Amino acid sequence: MLPTTWIALVLGFWSTLYLLDAFLKTKKPWSRNYLSFLEKTGLSVSICQCRWYSNFFNRTFLRIGQWKPNILRLWFTVGAFFGLVAMLMSVAILTLLIVNTFRQQPVEQQVLTPVMPGINLPTSQIWYYLLTLLVCGILHEVGHAIAAVREQVKVNGFGLFLFVLYPGAYVDLSSEHLNAVSPLRQLRIYCAGVWHNFIIVIGAIIMLLFLPFILMPFYSTGQAVVITSVLEGSPVSGPRGLAVGEPLTSISGCSVTNQDEWFGCISYSIKERSLGHCMPTGLIHQLNTNPIKTNLTENKNLIDCCNVTSDTHLCFSYNTKSSPNTNYYEYNKKFACLPARTTTDRPVCKLQSDCYAPKLELVCAYPLVDNQTKLLRINHGRKPPLLFLGHPLDLHYSVMVSNYVPNNSYVPIHLPYMVETFCKYLISLSGALVILNVVPCYALDGQFICHAFIELMFKSTVPDREMRGLIFTLIILYGTCLLGLNVVMAMWTLFFA
């Protein structure tokens with residue numbers, strides 16, 4: 001879907017919703033019932049934003065926050081220490097990016113990359129992205145809420161929102177209670193969100209590492225890959241092509257036991273010439289449907305010795321020895337139109353020397369194709385193997401595979417991919433939320449973390465409150481400008497680089 005189409009759909013949806021909300025609020029016959037409905041459900045609509053707010057979870061937060069107080073105190077104290085360290089690291093990294101950019105020594109990848117559906121986010125991945133944002137946002141705010149209960153700060157309520165396309169969550173804490181507690185206790189509350197985001201990253205990494213063991217009763221790994229998708233209309237689709245659910249074990253003798261080997265075998269086939277096959281000369285003469293007694297030097301433009309395009313036969317070239325001279329053997333290049341499947345059933349060879357058998361004249365017969373076209377033999381779940389004639393990149397873009405081969409037909413093929421993709425999004429987005437939220441910037445957690453840290457560390461050494469406020473303002477101003485410049489750089493790279 002084109003980016004302009006996405007923009008039109010989004011703007012159309014929010015415009016319709018906003019106008020409908022305004023209409024129901026002003027239309028007398030329905031306004032009272034509609035306002036009562038919004039009040040009961042906690043829903044509210046504004047420009048490009050929809051919110052839901054409730055105090056339904058307050059008792060849950062209270063129970064969790066009062067469980068094992070000493071353990072929770074240690075947990076959130078470690079989180080406060082992590083938040084301060086993460087703030088310093090985040091500011092250092094973002095500053096280094098700015099300095100390197102002005103020195104014309106940019107890093108290879110931006111730390112902050114805007115994610116735009118339809119631009120740098122495939123539409124097939126958008127649900128992973130939105131679900132990850134929602135999960136990370138909820139657990140982030142739950143961290144604030146539990147820490148607040150632990151530090152005797154009242155939680156007024158919890159809510160969810162949808163801003164344009166981006167979901168999120170928020171927690172409403174009592175400002176009076178929050179300002180009354182000590183700076184250290186404030187730090188535990190403010191840092192709890194990014195601390196939980198970091199824990200999400202660690203949990204997702206552990207899940208990825210142990211996923212093969214978790215799925216072991218249902219899937220096997222390390223022996224083959226399984227086809228999860230075949231592009232419709234591609235050279236390998238159709239009744240005689242590859243099918244979803246089939247295991248792949250090799251490509252022209254290159255063993256395939258995981259995704260990396262699958263991509264590696266395709267890459268290798270691009271770089272190397274098509275492999276030959278050891279054929280007895282007698283068998284070649286027997287199978288050849290169009291004998292040509294011309295060597296290459298006499299007809300350099302020879303491309304297809306089969307004369308007409310055939311679904312089963314392909315032109316092969318091979319070298320034969322002529323009568324030996326006094327110092328060397330002279331080789332003649334010959335051609336034969338041979339059945340491709342019968343020929344590729346023979347042993348693979350790269351050089352003529354690979355084909356040696358006592359008392360039997362063998363030659364290495366190579367498929368006569370151009371430099372971009374390859375003849376590949378793909379061993380899959382069904383017999384006989386699939387013969388692919390074309391550019392290996394067509395195979396790369398037409399077939400998607402997974403490391404997890406189902407042990408039974410009722411086991412879903414796509415489940416491991418979905419879990420892997422979701423974990424990768426958790427690592428990426430939750431890690432980005434850590435970097436983003438700890439920056440001392442207006443309206444982010446870093447603003448409140450910075451203020452509590454200054455009050456904790458400098459209240460005794462800098463007794464003047466206005467001076468501490470000035471230090472805080474300068475730091476926040478620097479962090480805001482720093483984050484803004486990095487966002488501008490990332491947007492420029494995305495749209496104009």
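Predicted model: local features only at pLDDT ≥ 70, side-chain atom pairs only at ≥ 80, totals over all residues.

An open sheet is built from 3 strands, ordered β7-β6-β17, with antiparallel pairing. Its edge strands are β7 (247-248) and β17 (399-402), and each of these pairs on one side only. Look at β6, residues 225-230: 2 bridges join this strand to β7. Val226 sits opposite Pro247 in β7. Across β6, β7 and β17 lies helix α9, residues 259-271, at about 145° to β17.

Stay with α9 for the cysteines. The structure has 3 disulfides. One joins Cys254 and Cys265, with the sulfur atoms 1.9 Å apart. Cys254 is in strand β9 and Cys265 is in helix α9, 11 residues apart. Buried or exposed, what is Cys265? It is buried, because its relative accessibility is 3%. Cys254, at 24%, counts as partly exposed.

Next, Cys278 and Cys355, S to S 1.9 Å. This link connects strand β10 to the loop between β13 and β14, 77 residues apart. Both Cys278 and Cys355 are buried. The S-S torsion is about -85°, so this disulfide is left-handed.

Then Cys349 to Cys364, at 2.0 Å. Here the torsion is about 95°, so the disulfide is right-handed. Cys349 is in β13 and Cys364 in β14, so the pair ties together parts 15 residues apart in sequence.

How values were computed: Residues numbered from 1 in each chain as written. Heavy atoms only, no water. Pairing = 2+ DSSP bridges. Helix = DSSP H or I, 4+ residues; strand = E, 2+ residues; numbered from the N terminus. Contact = heavy atoms within 4.5 Å. Axes fitted to C-alpha atoms, helices over the stretch in contact; angles between N-to-C directions. Disulfide = S-S within 2.5 Å. Buried < 20%, exposed > 50% of the residue type's maximum accessible area, 1.4 Å probe, protein only.
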